[in-house]
Amino acid sequence: MKAEAHEEFRKKLTAQLSELTEAHLDHEKQIGESHTVRDFVGADRAAELENLEVDASVTESEINLAKKIQHALERIDNGTYGICEGCQGEIPTARLEAKPSVSLCLPCQEAHEA
Ligand SMILES: [Zn+2]
C-alpha cells in the first residue's frame with residue numbers, strides 16, 4: 001500500500017476515534033447521572049440493573065473498538081497497516097475502506113471466529 005493511502009486511512013481512523021471518544025464520554029456521563037444510589041432502592045430496581053448492564057456492554061464494545069482503532073494507527077506508524085496479522089497477506093483495500101480498523105483479512109477473520 002502507498003504512503004498516501006496510509007494517510008487517508010489515518011485520517012479516517014483518527015476521525016472515528018474522536019467520534020467514539022465523544023460518544024463514550026457521553027455514555028459515561030449518562031450512566032453517572034441516571035444511576036445514582038437512590039435509583040436502586042426503588043421498586044424498579046431490577047429494570048434499572050438491566051438498563052445498566054446494557055449501558056455497560058455498549059461502553060465495553062466502544063472501548064474494544066477504540067483499542068482496535070489505536071492498534072490500526074500504530075500499524076500505520078510502523079508501516080504494517082493493511083497487512084493481515086494472520087497470514088501476512090495484503091488485506092483488500094475494499095475491506096479496509098469498509099472497516100479501517102480491521103487487522104485480519106476475511107479468511108483469517110473467519111478462521112479466528114470459528
Ligand atoms: Zn489473512
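Residues are numbered from 1 along each chain as its sequence is written, and side-chain values use heavy atoms, with hydrogens and water left out. Because the model is predicted, local features need pLDDT of at least 70 and side-chain atom pairs count only at pLDDT 80 or more, while totals for chains, interfaces and linings use all residues.

**Exercise 1. Identify the protein donors of the zinc ion and describe their arrangement.**

Step 1. Donors are N, O and S atoms within 2.8 Å of the metal (3.2 Å for Na, K and Ca), and sites may look incomplete because water is not among the atoms.

Step 2. The SG atoms of Cys84, Cys87, Cys105 and Cys108 meet this criterion, lying 2.2 to 2.3 Å from the zinc ion, and the spacing of these residues in sequence is C-x2-C-x17-C-x2-C.

Step 3. Cys87, in the loop between α2 and α3, and Cys108, in helix α4, are 21 residues apart, so that the pair links distant parts of the chain; helices here are DSSP runs of H or I with at least four residues, strands are runs of E with at least two, and both are numbered from the N terminus.

Step 4. The four donor atoms subtend angles of 103 to 114 degrees, and the arrangement is therefore tetrahedral, a term that requires all angles between four donors to lie between 85 and 135 degrees.

**Exercise 2. Decide whether Cys87, Cys108, Gln88 and Ser103 are buried, partly exposed or exposed.**

Step 1. Buried means under 20% relative accessible area, exposed means over 50%, and partly exposed lies in between (1.4 Å probe, protein chains only).

Step 2. Cys87, at 45%, is partly exposed, whereas Cys108, at 17%, is buried.

Step 3. Gln88, in the loop between α2 (45-77) and α3, is exposed at 54%, and has a positive phi of about 65 degrees although it is not a glycine. Most residues other than glycine have a negative phi.

**Exercise 3. Describe the largest nonpolar core and the surroundings of Leu13.**

Step 1. A nonpolar core is a set of buried Ala, Val, Leu, Ile, Met, Phe, Trp, Tyr and Cys residues joined through side-chain atoms within 4.5 Å.

Step 2. The largest such core has 17 residues, with Leu13 and Tyr81 making the most contacts inside it; α1 (3-34) and α2 are the elements that give two or more residues, and the largest share, five residues, comes from α2.

Step 3. Beyond four places in sequence, Leu13 touches residues including Ile69, Leu73, Tyr81 and Pro100.

Notes: Four donors count as tetrahedral if all angles lie between 85 and 135 degrees; four count as square planar and six as octahedral if opposite donors are over 155 degrees apart and all others between 65 and 115; anything else is irregular. Contact means heavy atoms within 4.5 Å.
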